[in-house]
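This report describes selected features of one structure. The sequence and the coordinates come first.

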Amino acid sequence: MARDRPTASASPSRKASPLPLLINIFKELHNDVGMAIPKHGDLTHWAEQGVLLLNASLTVRANEPMSHAKIGWAEFTDAVISKVSALKENVVFLLWGKFAQEKQVLVDATKHLVLKAAHPSPFSADKGFFGCKHFSKANTWLMSNGIDPIDWAL
């Protein structure tokens, strides 16, 4: 019987190897800003700087993509995005993939930067995620607004 588990966006420990989606993010970071590709998937350093990675669905049944797409996560993630957009200024929203890009209507683009690309999944990363240079674009925009850039190194 399949068990529910957190999706790939959950940050594993330093002992665990990163999942393929995260490896693709690391590859783009390496090509964009020269970050060394880590052998772990612990994203604590990013979180400490204010980076929030948010999937449309926060859980999924093992080996069944989108299995929890209609159980209420959309309402939660919409609320998170709306609150961040309303209460903060100068946030960079990286909308990767079709589902994320549908959330653009929740973001006030007059006070935030919105960057869109294909999803970093192994099934779609080569359709516009690789080469998007979102990490350097985000840091350039942050610095132009007087905000420290993200230290992407892990």
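The sections below cover the basis of the report, a helix pair, salt bridges, a surface patch, backbone angles and some separate sites.

## Basis

This is a predicted model, in which local features need pLDDT of at least 70 and side-chain atom pairs count only at pLDDT 80 or more, while totals for chains, interfaces and linings use all residues. Residues are numbered from 1 along each chain as its sequence is written, and side-chain values use heavy atoms, with hydrogens and water left out.

## Helices H1 and H5

Two packed helices are described by the angle between their axes and the distance between the axes. Helix H1 covers residues 20-33 and helix H5 covers residues 134-144; their axes come within 8 Å and cross at roughly 60°. Helices (H or I, at least four residues) and strands (E, at least two) are DSSP runs, numbered from the N terminus. The axes are lines fitted to C-alpha atoms, for helices over the stretch in contact, and the angles run from 0 to 180 degrees between N-to-C directions.

H1 and H5 are therefore oblique to each other. Angles under 35 degrees count as roughly parallel, over 145 as roughly antiparallel, 65 to 115 as roughly perpendicular and the rest as oblique. On the H1 side, Ile25, Glu28, Leu29, Asp32 and Val33 take part; they meet His134, Phe135 and Ser136 of H5. Contact means heavy atoms within 4.5 Å.

## Salt bridges

Side chains of opposite charge can pair when their charged atoms come close. The whole structure has 3 salt bridges, each being a side-chain nitrogen of Lys or Arg within 4 Å of a carboxyl oxygen of Asp or Glu. Aspartate 78 pairs with lysine 103, with the closest N and O atoms 2.3 Å apart. This pair links distant parts of the chain: aspartate 78 is in helix H3 (residues 73-87), and lysine 103, 25 residues apart from it, is in the loop between helix H4 (98-101) and strand E4 (113-117). Aspartate 78 has a relative accessible area of 27% and is partly exposed, whereas lysine 103, at 12%, counts as buried. Buried means under 20% relative accessible area, exposed over 50% and partly exposed in between (1.4 Å probe, protein chains only).

Glutamate 64 forms a salt bridge with arginine 61, the closest N and O atoms being 3.1 Å apart. Glutamate 64 is partly exposed at 33% relative accessibility, and arginine 61 is partly exposed at 30%. The remaining bridge joins glutamate 102 to lysine 98, at 3.1 Å from N to O. Here glutamate 102 is partly exposed at 45%, and lysine 98 is exposed at 56%.

## Nonpolar surface patch

Leu52, Leu54 and Phe76 form a nonpolar patch on the surface, and together they have about 280 Å² of accessible area. Accessible areas come from the Shrake-Rupley method with a 1.4 Å probe; for residues, only the protein chains shown count as cover. Patches are made of residues with over 30% relative accessible area and no salt bridge, like charges being joined within 9 Å and nonpolar side chains (Val, Leu, Ile, Met, Phe, Trp, Tyr) within 5 Å.

Leucine 54 lies in the loop between helix H2 (44-48) and strand E2 (59-61). With a relative accessible area of 32%, leucine 54 is partly exposed.

## Positive phi angles

Most residues other than glycine have a negative phi, and most peptide bonds are trans. Asparagine 63 has a positive phi, near 60°. Asparagine 63 sits in the loop between E2 and H3 and is exposed at 76% relative accessibility.

Lysine 133 also has a positive phi, of about 55°, although it is not a glycine. Lysine 133 is in the loop between E4 and H5, and its relative accessible area of 40% makes it partly exposed.

Serine 85 belongs to helix H3 and is buried, at 3% relative accessibility. Leaving aside neighbours within four places in sequence, serine 85 is in contact with Phe93, Leu106, Val107, Asp108, Lys111 and His112. Serine 85 and alanine 153 are 68 residues apart in sequence and 26 Å apart in space, C-alpha to C-alpha.

Lysine 70, in the loop between E2 and H3, is exposed with a relative accessible area of 82%. Aspartate 126, in the loop between E4 and H5, is exposed at 62%. Aspartate 126 lies 107 residues from leucine 19 in sequence and 17 Å from it in space, C-alpha to C-alpha.
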